[in-house]
Amino acid sequence: MRHVVPFTELGRRDVGRVGGKNASLGELTNRLGVAGIRVPPGFATTAGAYQELLAAGDLRRQVEAQIDQLHEGAPLDEVGAAIRSLFLSQPLPAPLRDAVLVAYEKLAEETGRETPEVAVRSSATAEDLPEASFAGQQETYLNVRGTEELFRACTRCYASLFTDRAIDYRERMGYGHLDVALSIGVQLMVRSDLAGAGVAFTLDPESGFPDVIVVSAAWGLGETVVSGRVDPDEYTVFKPSMKDPALAPVIDVRTGTKRLKTVYADTGLTRTVDTPDSERNQRVLDDSEVRTLADWAAAVEEHYGCPMDLEWVKDGLTGELWIVQARPETVQSRRHTTTLSRCRLTVTPAEPMVTGIAVGEAIGRGPVVALDAPVDLDRFPRGGVLVTGVTDPDWEPVMKRAAAIVTDHGGRTSHAAIVSRELGVPAVVGTGDGTRILGHGLAVTVSCAEGENGRVYEGLLPYEETLTDLAELPATRTRVMLNLADPSAAFRWWRLPADGVGLARLEFIVAHQVKVHPMALLHPERLDAHDRHVIERLTEGYLDRGRYFVDRLAHGIARIAASRWPAQVVVRTSDFKTNEYAKLLGGRPFEPEEANPMIGWRGASRYYSDGYREGFALECRALRRVRDEMGLTNVVVMIPFCRTLGEADQVLAVMAEEGLVRGENGLRVYAMAEIPANIILAEEFAARFDGFSIGSNDLTQLTLGVDRDSEALAHVFDERDPAVVRSIALLAARAHAAGRPVGLCGQRPSDDPDFTAILVDAGLDSISVAPDSFASVKRHVARAEAKPGSSPGEGE
């Protein structure tokens, strides 16, 4: 029997011999080097060596006796401690010690180091299977040097097969405790303590969206990312754009705080220290490094034929990137993809008490159980909301009893996030101050159903859950599209069989992700000292503050466009009114006070004016980057509130000056039809634009002369008024005669099936609605189309 096998002799078929982790390292080493993937060299102990250890000193019988006591009611922590003590007191068999010594000395010879630093990782034979995830169940020891330290680490790895969380997990998954063997992987350390490390998923880990690769990164060893002790950087890469080397496939960059990092200890294994201020706001990886990791991840996914979860490191001495682990992703791959489950609060909540990153898409509620450390299960009430600083695998028995989980620290790839997804428990991680604000016993509602931002509200708020079988939704001739504003929520809806995005509003991205008036970024000399200071902090690291605006806007647009690729995504340029622009950071000096902003300086009139022409140029730069550099040519640009033909010509000319030329690289430009002039001069507008989208609220307001916000006139405001309905029908007929499509984006079709039928009868090509209304509107449209005499659309 061989006690040790080098990675160069292993492959994915050796899971029963060396466990999933080590088999995968062998597979990467031997089969994917041709793709340029680098794997640090190493070796693995065998399952046979573990069985030999169990046979020594009657260890197997003693372990069996302890497991029998567990099944008879003995406390889990007592049983786990007793078994680990048995392993720690059992010497490694001499044949295993000799084999490990020879392999370690050979590694030293190959690397030219007398006592090379190695990572010692546990690899269970039931681990990293597509149907189960044992990730994090056993221990890893980093910066292990010298043979005696290596032997100690091996013994501790064997003992970690019986940590409380590992025992609990096997009980839950139905695995026999002695049916799972342990292999130990010994792998040369890469000096990532001098650079950074992290993880990569070949799908979006939250929604399962398959067209992206998500890379997380933090300074130092990867332990802080996996454990959730830091809020890492996160880079999103669009797979279809990776196929063209001329494109820039990194479509989103989010810089985390990274307040801690783990480095080598001078006298021990590792230590965790504060990250210097100079590194906290600095990216760990540049775009070229992100692309390299994404290329490797895509190659691994293709080779394995399933979504993958990888760990990577960067050597601070050489700058080289390495893959140190790869396993099948086990949460999203097990989801039933034809059924869409959605939760929503049925009341309008007050301001959240704390916010963070939403994990999952559910809602949980209950009393706060604030803990500093794991407790016995009988001390944690089932249905409580666990609130703590950070979790690790020791928390898992408690976590599965919780209605929801809230942590101060961690990102989407932290331990708390990974386990919460697997358990189906909603979690809000990285709140920063949840443990300070959420008092023990306080009744709270944890909502992960409102996009990427998770929110914790005071009180037990009512909510509903709906299940939609997407396979049962009817096909329709009229395209049913989505209205999207929040880029962070876009991937959540990828499973909906929508025909694209009919309206993506830039105002949301500007208000929530840019946060600054674009002219304030370009002309800080017009700001007061307070606003200048806040903007300086917000744009730290940007010498060109216009670039800050373009980066944030482009990343937001790209996420929405990627979520529906290659279907059409209509992006409306900014349509703030002057009072809304003035509320943006630094906005007041650039906005006039208007008596009626609703019909004031808004939409197209701003884009060619001296007061906003430079700001619109930034919007154009962002759109051009998304289409021409990132490759998301499914983006259609839409101009709002275009009053006259002259304005249309001026705006198109400004766009062309900024590199957005209608017709080039497939660029289509639509107009919002929300002013009676757009209906009256439909043929002339159709000669300048490639399509129309009806803004029914403004069209009703301006057709009837009614302030849509006036309570006194609410009874008059009606999108089904004959004047409005006739205008919609006239536009459809005239646009179709010119070969132009016509759609409508608004809330009314969601609330009023009869209005939906009017739109179908008018022959509209598309109706765009909020995602949570999609299924019902799809059914309304199908019923309307089934009626005799319904009119098909005639646009392109």
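This is a predicted model: local features need pLDDT of at least 70, side-chain atom pairs count only at pLDDT 80 or more; totals for chains, interfaces and linings use all residues.
Trainee: What volume does the largest cavity have?
Mentor: About 110 Å³. It is lined by 16 residues, and the closest to its centre are Met481, Gln568, Tyr670, Gly743 and Ser766.
Trainee: Which strands each supply at least two residues of that lining?
Mentor: Strands S23 (479–484), S28 (691–695), S29 (742–745) and S30 (766–769). S29 gives the most, with four residues.
Trainee: And how many of the lining residues of the largest cavity are nonpolar, polar or charged?
Mentor: Eight are nonpolar, six are polar and two are charged.
Trainee: OK, next one. How much space lies in the second largest cavity?
Mentor: About 70 Å³. Its lining has 13 residues, and Asp204, Glu206, Glu452, Ser488 and Arg492 are the closest to its centre.
Trainee: Let's switch to the packing. How many residues are in the largest nonpolar core?
Mentor: The count is 99. Met655 and Ile728 have the most contacts inside that core. Helix H18 (residues 545–564) gives the most to this core, with 10 residues.
Trainee: What does Met655 touch, beyond residues up to four places away in sequence?
Mentor: Phe616, Cys620, Val637, Ile639, Leu660 and Val669. Apart from that core lies another, of 42 residues, with Leu96, Tyr141, Ala159 and Ala181 among them.
Trainee: New topic: Thr703. Where is it found?
Mentor: In helix H25, which covers residues 696–704.
Trainee: Why does Thr703 count as partly exposed?
Mentor: Because its relative accessibility is 26%. Buried means under 20% and exposed means over 50%, so that value falls in between.
Trainee: Which residues is Thr703 in contact with, leaving aside neighbours within four places in sequence?
Mentor: Pro676, Ala723 and Val724.
Trainee: How far is Thr703 from Asn143?
Mentor: They are 73 Å apart in space, C-alpha to C-alpha, and 560 residues apart in sequence.

Key. Residues are numbered from 1 along each chain as its sequence is written. Side-chain values use heavy atoms; hydrogens and water are left out. On a 1 Å grid over the protein atoms alone, a cavity is a set of points where a 1.4 Å probe fits but cannot get out, and a pocket is an open set with protein on both sides within 12 Å along at least five of seven lines; lining residues have an atom within 4 Å of a point. Grid points are joined across faces, edges and corners, and a volume is the space filled by probe spheres set on the points. Ala, Val, Leu, Ile, Met, Phe, Trp, Tyr, Cys and Pro count as nonpolar, Asp, Glu, Lys and Arg as charged, and the others, Gly among them, as polar. A nonpolar core is a set of buried Ala, Val, Leu, Ile, Met, Phe, Trp, Tyr and Cys residues joined through side-chain atoms within 4.5 Å. Buried means under 20% relative accessible area, exposed over 50%, partly exposed in between (1.4 Å probe, protein chains only). Contact means heavy atoms within 4.5 Å.
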